[in-house]
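Here are my notes for a first look at this model. Please read them with the structure open.

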Amino acid sequence: MPTLRITILTGPAKGRQHRFDRFPVVIGRSPDSSLPVIDDRASRAHVRIRQMPEGLVIEDLQSKNGTYVDEVRVSAPLLLTASKVVRLGQTKLQLEIEGMEIERAGLPGEMKGPRQLVEAIVVLDLCDSTIMANRYGDAFAFQLKEAIRTLVRPILADKGVAFLKGTGDGFLATFPDLHKATEAAVWILQKKDSTLPKASDGTPPMFRISIHIGPTNVDSDGDRQGDAVNMAFRLEGVSVSGFHETSGGLLKDALPIRDRIFVSEHAHEELQKRGGLPTRLVGFFDLKGLAGRHRVFEVLWQQMPPPDDPEKTQITKQM
């Protein structure tokens with residue numbers, strides 16, 4: 001679960017910080033707001049931040065004087081991807097999402113500035129993170145989060161990650177090479193049980209990983225956005241509720257929920273061009289905000305050679 005840090009930049013409470021890890025967060029003049037503000041030009045319920053599968057989204061609640069993010073009026077829900085200054089009425093707030101800092105943006109020598117690339121997109125999420133924190137305590141949750149970072153970052157770097165940022169309970173990463181991206185996902189699942197701490201009752205941490213390939217829009221900070229990124233986030237969170245069985249695919253009762261690597265149809269086609277990768281058809285899914293039904297495949301990572309033997313871990317065949 002991401003933590004939203006809000007710092008008040010103006011007024012009598014200037015410099016005061018508030019942290020929120022439960023959403024939605026409503027900011028406004030009403031004393032019942034999650035964060036009340038003393039500002040006659042602010043509406044009682046002025047702006048809301050809510051959690052979506054792709055991250056935290058800010059939206060104006062039809063306020064009289066509008067909500068401005070970096071002095072641009074918010075006319076539709078806006079995904080928060082970096083530190084932003086929000087103005088409502090005469091009040092300015094700095095919004096930062098802890099754990100979403102960009103950790104590595106761009107390969108050495110890569111062109112900077114806004115542009116579009118075609119990349120493999122990997123989304124990794126820790127399953128049941130809120131339940132684990134409530135059941136085993138904040139200390140264990142913090143220890144686990146740090147251990148995940150220690151495990152994941154070197155693997156991604158070794159496979160040539162182009163962009164990496166935290167998403168609260170996981171990571172968004174992009175790669176110039178789809179096969180290397182898939183190898184990284186396999187390595188993470190194969191190494192996690194021997195590397196990451198288990199809960200007091202022996203429960204191991206489990207992940208959901210999705211992989212898609214497509215055009216990414218790179219902003220001036222190096223962050224990745226666009227339909228292909230949204231597709232990867234939607235794919236990571238698919239469940240039985242949006243699943244449709246198909247010939248040759250899985251039955252609903254056999255649908256893997258945790259410790260899985262799901263890939264889009266386009267990514268699967270590209271992976272199979274080189275061969276050597278065990279996969280199976282899962283079925284079709286409805287993806288929120290994306291038209292049609294989408295065919296999804298699973299990488300059978302349990303059948304891959306262990307990462308301790310780098311020569312055997314290569315997915316690609318020698319040509």
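1. Start with proline 24, in the loop between β2 (17-20) and β3 (25-28). The model is predicted, and in it a cis peptide bond joins phenylalanine 23 to proline 24, with omega of about 10°. Most peptide bonds are trans.

2. Two aspartates come next. Aspartate 128 lies in the loop between β13 and α1. Its phi is near 55°, a positive value in a residue other than glycine. Aspartate 259 sits in the loop between β18 (243-244) and β19 (260-264). Aspartate 259 also has a positive phi, about 50°, and is not a glycine. Its relative accessibility is 16%, so aspartate 259 counts as buried, the limit being under 20%. Most residues other than glycine have a negative phi.

3. Helix α1 covers residues 129-136, and its buried residues are Ser129, Met132, Ala133 and Tyr136. Why do they line one face of the helix? Seen down the axis of α1, the buried residues fall within an arc of 100°, so they share one face. An α-helix has 3.6 residues a turn, so residues three or four places apart point the same way. The buried residues of α1 pack against β13 and α2. On the face turned away from the buried side, α1 carries the exposed residues Asn134 and Arg135. Just after α1 comes glycine 137, with a positive phi of about 100°.

4. Alanine 199 belongs to the loop between α3 and β16 (207-218). Alanine 199 is buried, with a relative accessible area of 7%. Which residues does alanine 199 contact, leaving aside neighbours within four places in sequence? They are Tyr136 and Phe140. Tyr136 is also one of the buried residues of α1. Leucine 144 is 55 residues from alanine 199 in sequence, yet their C-alpha atoms are 9.2 Å apart in space.

5. Now the nonpolar cores. The largest nonpolar core has 43 residues. Which of them touch the most other members? They are Ile148, Leu156, Phe175, Ile188, Phe207, Ile209 and Ile261. Take isoleucine 188: not counting residues up to four places away in sequence, it touches Leu124, Leu151, Val152, Ile155, Leu156 and Phe207. A second core is separate and has 23 residues, including Ile8, Val25, Ile27 and Val69. In soluble globular proteins, nonpolar side chains tend to be buried together.

6. The structure holds one cavity of 30 Å³ or more. The largest cavity has about 60 Å³ of space. Its lining is made of Val122, Leu124, Val152, Leu156, Phe171, Ala173, Ala181, Ala184, Ala185, Ile188 and Ile209. Two or more lining residues come from each of β13 (115-126), α2 (138-158), β15 (170-175) and α3 (178-195). Which element gives the largest share of the lining? Helix α3 does, with four residues. By class, the lining has eleven nonpolar residues, no polar and no charged ones. Leu156, Ile188 and Ile209 are in this lining, and the three are also among the core residues that touch the most other members.

7. Helix α4 (residues 227-236) is mostly covered, with eight of its ten residues buried. These are Ala228, Val229, Met231, Ala232, Phe233, Arg234, Leu235 and Glu236. What covers the buried residues of α4? The cover includes β13, β15, β16, β17 (224-225), β19 and β21 (293-299).

8. Last, histidine 268, in helix α5 (residues 265-272). Histidine 268 is buried, with a relative accessible area of 11%. Its contacts, not counting residues up to four places away in sequence, are Val263, Thr279 and Phe297. Histidine 268 and arginine 295 are 27 residues apart in sequence, and 9.9 Å apart in space from C-alpha to C-alpha.

Methods. Residues numbered from 1 in each chain as written. Predicted model: local features only at pLDDT ≥ 70, side-chain atom pairs only at ≥ 80, totals over all residues. Heavy atoms only, no water. 1 Å grid on protein atoms, 1.4 Å probe; cavity = no way out; pocket = protein on both sides within 12 Å on 5 of 7 lines; lining within 4 Å. Points joined across faces, edges and corners; volume = space filled by probe spheres on them. Nonpolar A, V, L, I, M, F, W, Y, C, P; charged D, E, K, R; others polar. Buried < 20%, exposed > 50% of the residue type's maximum accessible area, 1.4 Å probe, protein only. Arc of directions from axis to C-beta. Contact = heavy atoms within 4.5 Å. Core = buried A, V, L, I, M, F, W, Y, C linked by side-chain atoms within 4.5 Å.
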